Amino acid sequence: MKIFKLITKNILRHKLRSVLTILGIGIAVTAFIVLQTVVEAWYVGIEGAAANRLIARHAVSFIFQLPLAYEQKIAAVPGVERVTYANWFSGVYIDKSQFFARLAVEAEDFFQVYPELLVPPDQMETFKRERNSCIIGEQIAQRYNLKLGDAMTVEGDIYPGEWQFIVRGIYKPRDKMTDPSNMFFHWQYVDERMRIETPQRAGKIGWYIVQIKDPAQSAQVSLAIDELFKNSPYETKTETERAFQQGFLASAGAILTAMNFISFVIIGIIMLVLGNTMIMSARERVREYAVLKTLGFSAGHIVGLIGGEALTIAAAGGLTGFALAVPLVSAFEEFMPKGWFPVFDLQPVTVVYAAVAALCVGIASSLFPIYRALNTSIVNGLRQIG
Amino acid sequence: MAASNSTPLIEVKEVTKSYHRDNIEIPVLREITLNVPKGEFLAFMGPSGSGKTTLLNLIAGIDRPDAGLIKVDGTDIARLSESALAQWRSSHVGFIFQFYNLLPVLTAYENVELPLLLTRLSRKEKREHVEMTLKLVGLGDRMDHYPKQLSGGQEQRVAIARAIVTDPTILLADEPTGDLDKTSATEIMTLLDRLNKEFGKTIVMVTHDPRAAEKAHKVMQLDKGELTA
């Protein structure tokens with residue numbers, strides 16, 4: 001027999017209590033993993049942000065547009081390598097619940113600035129040639145069973161009317177941080193129609209994407225760009241892509257903070273659940289610990305027995321939670337309205353957080369029982385009635 | 001006070017012990033001095049609260065005296081650190097409790113094996129030791145039984161097997177028959193007598209039972225923390 005066998009037998013002493021504790025931890029770990037996965041999904045855009053890309057938008061708000069004429073001026077700023085632009089199109093495809101980003105972009109340079117969007121060269125060439133063509137992410141192609149040459153009709157809201165596009169390209173994301181659910185089409189296609197229907201809206205873009213030569217120069221380049229348009233009707237605010245993405249998340253900041261807070265409250269609850277079990281177990285075994293000490297078991301052995309039991313239960317709970325979380329995250333992704341989270345995966349970092357949390361809970365929950373067991377003298381321990 | 005002329009295995013000299021309850025000092029032992037030679041079977045008797053169990057605990061190294069000296073086989077155990085004392089107990093003391101104190105989740109075999117977990121014996125050697133010891137106490141056919149599947153007498157025999165499996169220097173028994181019926185008590189005392197006579201074990205026992213004390217070579221009376229005879 002080894003010490004671990006004694007730990008196992010102690011855990012199995014009250015099977016129902018142990019099973020309920022493990023299940024309690026498991027459910028809490030599952031909730032923690034799912035909540036953290038949601039939070040991670042929100043931040044995935046930030047993770048994928050490139051250090052050499054700046055975003056120049058209207059200084060007041062992202063919803064106000066900038067003149068197309070700024071492109072050449074920005075391109076002339078020292079440190080700028082390439083400038084492209086995009087415009088939020090919105091619109092409805094099939095119905096309002098079918099959400100995914102639809103962006104009118106500058107066709108020549110946009111995909112060079114975003115090398116993480118992998119488009120086959122022949123498809124790119126076709127896209128550039130045809131004004132009403134579009135490139136969609138492979139997730140969109142799969143979701144709507146779209147192939148090259150298929151037509152997509154989008155009902156415009158910001159840009160009213162019916163908009164017809166032909167799928168000429170399907171991009172693959174370079175990595176998991178890249179959103180595979182976007183739709184890109186020619187800004188010129190939209191602008192041409194605006195010139196006819198609402199000329200005052202023509203010649204405007206949503207934001208500029210500025211590729212810079214040296215990411216270390218991002219602050220100076222940003223300042224230089226904003227300085228160019230200071231005191232103009234269209235002042236700019238230029239920031240790194242990461243800061244731009246964070247600005248988007250700021251609107252949901254309170255929710256994310258609450259979710260983060262709740263996920264850590266859950267850890268606290270797990271600690272109380274396991275702590276309660278460990279305190280009960282240790283209190284029942286005060287006499288046994290005294291007997292073991294009489295037999296010559298050292299303080300280290302007692303720490304090992306109590307700590308080992310707590311860690312084993314925490315580990316079993318953590319594994320149970322992980323086993324429950326994997327299918328739950330998949331189910332969550334499956335049943336969630338499409339497009340809410342383009343990348344909704346169980347991230348390794350979340351699993352590591354959960355494992356570390358379970359480990360910490362195991363350690364923390366055993367501290368008080370260990371303290372009590374070690375500070376109860378053998379003589380007093382032997383007097384206890386179990 | 002009493003003393004032995006033989007070479008003492010256990011030497012207790014002017015040992016004093018008090019307990020504190022609510023700031024009140026309760027003297028339990030007053031300057032106890034005694035020697036126990038190797039191979040002795042000594043019984044302490046006396047009324048409740050006379051300090052018998054406290055004296056036994058001090059000799060076992062599970063409690064510490066306020067003053068005085070306790071030497072077992074030449075080691076001044078009062079001077080040992082907690083970890084050294086634990087190590088010393090594992091190799092020198094076999095303790096038999098009144099209420100057996102077996103671990104209910106372990107079989108008879110595993111309970112007896114417990115002290116051997118602290119040794120460097122191989123698995124095979126441990127098995128040989130445990131089987132031999134359980135056969136010695138007459139429980140060779142009850143190895144896989146859990147404490148709740150055993151009678152009180154059998155549980156105490158398992159406890160004795162656990163106490164002797166490491167071949168300790170001294171065997172200390174605190175009311176070993178206190179929770180047993182007459183027949184079981186006789187069996188246990190016969191077993192302890194055999195361990196003393198056949199295997200030369202030095203035994204110090206606390207008991208209220210005069211029949212149990214009859215098996216001892218020597219009986220010492222304690223009253224109000226002092227040896228009276």
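1. Helix H1 (residues 3–11) and helix H12 (residues 299–335) of chain A have axes that come within 9 Å and cross at roughly 60°. The axes here are lines fitted to C-alpha atoms, for helices over the stretch in contact, with angles running from 0 to 180 degrees between N-to-C directions. That angle makes H1(A) oblique to H12(A); under 35 degrees would count as roughly parallel, over 145 as roughly antiparallel, 65 to 115 as roughly perpendicular, and the rest is oblique.

2. A word on what we're looking at. This is a predicted model, where local features need pLDDT of at least 70 and side-chain atom pairs count only at pLDDT 80 or more, while totals for chains, interfaces and linings use all residues. Residues are numbered from 1 along each chain as its sequence is written, and chains are lettered from A and ligands numbered from 1 in the order in which they are written. Helices (H or I, at least four residues) and strands (E, at least two) are DSSP runs, numbered from the N terminus.

3. Back to that helix pair. From H1(A), the residues A:Ile3, A:Phe4, A:Leu6, A:Ile7, A:Asn10 and A:Ile11 meet A:Gly304, A:Leu305, A:Gly308, A:Glu309, A:Thr312 and A:Ile313 of H12(A). Contact means that the C-beta atoms, placed from the backbone, lie within 7 Å. Sorted by class, this contact has 7 nonpolar, 4 polar and 1 charged residues. Nonpolar covers Ala, Val, Leu, Ile, Met, Phe, Trp, Tyr, Cys and Pro, charged covers Asp, Glu, Lys and Arg, and the others, Gly among them, are polar.

4. H12(A) has another partner to look at. The axes of H12(A) and helix H13 (residues 348–375) of chain A come within 8 Å and cross at roughly 150°, so the two helices are roughly antiparallel to each other. Again the crossing is right-handed. Have a look at the make-up of the contact of H12(A) with H13(A): 19 nonpolar and 7 polar residues, and no charged ones.

5. On overall shape, chain A comes to 14 helices and 13 strands. Its radius of gyration is 29 Å, well over the 21 Å that the globule rule gives for 386 residues, so chain A is more spread out than a compact globule. The radius is taken over C-alpha atoms, and the rule is 2.2 Å times the number of residues to the power 0.38. Along its principal axes the C-alpha trace of chain A spans about 95 × 45 × 30 Å.

6. Strand E6 (residues 117–118) of chain A pairs with E9(A) in the antiparallel sense over 2 bridges, with A:Leu117 partnered by A:Pro173. Strands count as paired if DSSP finds at least two bridges between them. Strand E7 (residues 133–137) of chain A pairs with E9(A) in the parallel sense over 5 bridges, and A:Cys134 sits opposite A:Val167. Strand E8 (residues 151–156) of chain A runs antiparallel to E9(A), joined by 6 bridges, and a hairpin of 4 residues links E8(A) to E9(A).

7. Chain B has an open sheet of 4 strands, in the order E2-E1-E4-E5, with antiparallel pairing. The edges are strand E2 (24–37) and strand E5 (75–76) of chain B, each pairing on one side only. Strand E1 (residues 8–21) and strand E4 (residues 67–72) of chain B are joined by 5 bridges, and in E4(B) the bridge partner of B:Val12 is B:Ile70. Helix H1 (residues 52–60) of chain B packs on this sheet, touching E1, E2 and E4 of chain B, and its direction makes about 120° with that of E1(B).

8. Another open sheet in chain B has 6 strands in the order E6-E7-E8-E3-E9-E10, with mixed pairing. Strand E6 (93–96) and strand E10 (226–227) of chain B are at the edges, each with a single partner strand, so one side of each lacks a neighbour in the sheet.

9. Finally, the contact between the chains takes 20 residues from chain B and 17 residues from chain A. On the chain B side, the largest share, 6 residues, comes from H2(B). That side divides into 10 nonpolar, 5 polar and 5 charged residues.

Note on methods:
Two residues are in contact if their C-beta atoms, placed from the backbone, lie within 7 Å. A crossing is left-handed if the near helix is turned anticlockwise from the far one by less than a right angle, and right-handed if clockwise.
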